[in-house]
Amino acid sequence: MAEQAEDIDDIVDHPTGANSSEHDDEPSSASSKPKNAFAELMAPKRKAPASPEPEKRPKDKAARWRGALVQYINNPSSFGSQILRVTPNTVLIKDSFPKATVHLLLLPRSEKHYLLRPNEAFADPAFLAIVREEAASAAKLAAAELERLLGSFSVSNKPRLEATDYANRPPGRDYLKEIKVGMHAHPSMDHLHVHIISKDMHSPKVKHKKHYNSFNTEFFIPLVDYPLADDDVRRDVGFQNGNLSEDFKCWRCGKDFGNKFTQLKKHLEEEFEEWKKE
């Protein structure tokens, strides 16, 4: 399967130009043969080239992009190693455009709920309980993968790695605390999905303000906080749009970078090196 666009703004369609040879079959003006007016009148008229519809095409592509997650729900066997787990209730996948060292998506399979927005879907307590249980299990898988990738760099994990008695190894670093589980307040994809992501934001796929702030402001709502109270400000669209446009703040030390994304990215690299050594 071809890789999907990372953001809806990446979808661009370029209509093809007109055929450069469209006039090649016109009669020569130099011909001395007299024109037959009746024949010209009755001759079939050449059809004008169909005009492209640039307004519709991007919309169609945008709709396909927004609905792309349903493929993983309906046909998980088609996606090979990108699928980590399939249960009667959910499909767990690797995010195609990870925004951190570990970034998974948990996709509920309930047709009754999966096209609802988070606030609507999680108003159903039975459904919320199922998603919480499966998200907790998925977070443990994410933590194990984070330890596999970074555990050898960690000072606090060293005693565990060096233990000779495997059955009685010390616990080591708690990588589960480095995993966030939650939702975007206003998801860009149609189908309900839970982000299970490590804190580090260490990824070349973090390319602009929305990528960063959607995980590091109140735009990211922990799953444990649902259902939100009716008066919870995080329900407010204006409040959440403001979160996406906030200045950059380091997730680890809190340093404010204003709108200087390049400086933030450099700083995140430095923080990542220190964080993985903890």
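Phe 122 is buried, at a relative accessible area of 1% (buried is under 20% relative accessible area, exposed over 50%, partly exposed in between, with a 1.4 Å probe and protein chains only). Phe 127 is buried too, at 6%. This is a predicted model: local features need pLDDT of at least 70, side-chain atom pairs count only at pLDDT 80 or more, and totals for chains, interfaces and linings use all residues. Residues are numbered from 1 along each chain as its sequence is written, and side-chain values use heavy atoms, with hydrogens and water left out.

**Aromatic pairs**

- The structure holds eight aromatic pairs (rings of Phe, Tyr and Trp, the last by its six-membered ring, with centres within 6.5 Å; planes under 30 degrees apart are stacked, over 60 edge-to-face, the rest tilted).
- Phe 122 and Phe 127 are stacked, with 5.9 Å centre to centre and 20° between the planes.
- Phe 122, Phe 127 and Tyr 226 form one aromatic cluster.
- Tyr 212 and Phe 248 make an edge-to-face pair, because their ring centres are 6.0 Å apart and their planes stand at 75°.
- That pair links distant parts of the chain: Tyr 212 sits in helix H7 (residues 209–216) and Phe 248 in strand E7, 36 residues apart (helices, H or I with at least four residues, and strands, E with at least two, are DSSP runs numbered from the N terminus).
- Both partners are buried: Tyr 212 has a relative accessible area of 0%, and Phe 248 is at 2%.

**Charges over rings**

- Arg 173 lies over the face of Trp 275, 5.3 Å from the ring centre (NZ of Lys or CZ of Arg must be within 6 Å of the ring centre and within 35 degrees of the ring normal).
- The charged end of Lys 180 sits over the ring of Phe 220, at 5.0 Å from its centre.

**Lys 249**

- Lys 249 belongs to strand E7 (residues 248–249).
- Lys 249 is partly exposed, at 39% relative accessibility.
- Beyond neighbours within four places in sequence, Lys 249 contacts Tyr 212, Gly 254, Lys 255 and Asp 256 (contact means heavy atoms within 4.5 Å).

**Helix H9**

- H9 (residues 261–275) has 15 residues and should span 21 Å at 1.5 Å a residue; its end C-alpha atoms are 20 Å apart, which agrees (the expected span is 1.5 Å times one less than the number of residues).
- Its buried residues are Phe 261, Leu 264, His 267, Leu 268, Glu 271, Phe 272 and Trp 275.
- These residues cover an arc of only 150° around the axis, so they lie on the same side of H9 (the arc is that of directions from the helix axis to the C-beta atoms).
- Thr 262 and Lys 266 are exposed on the other side of H9.
- Cover for the buried residues of H9 includes helix H5 (125–150), H7, E7 and strand E8 (256–258).

**Nonpolar cores**

- The largest nonpolar core has 31 residues, of which Phe 122, Ile 196, Leu 223 and Tyr 226 touch the most other members (a core is a set of buried Ala, Val, Leu, Ile, Met, Phe, Trp, Tyr and Cys residues joined through side-chain atoms within 4.5 Å).
- Elements giving two or more residues to this core are strand E3 (103–108), H5, strand E4 (179–184), strand E5 (194–198) and H9.
- H5 gives the most to this core, with ten residues.
- Apart from this core lies another, of 14 residues, including Ala 68, Tyr 72, Ile 73 and Tyr 114.
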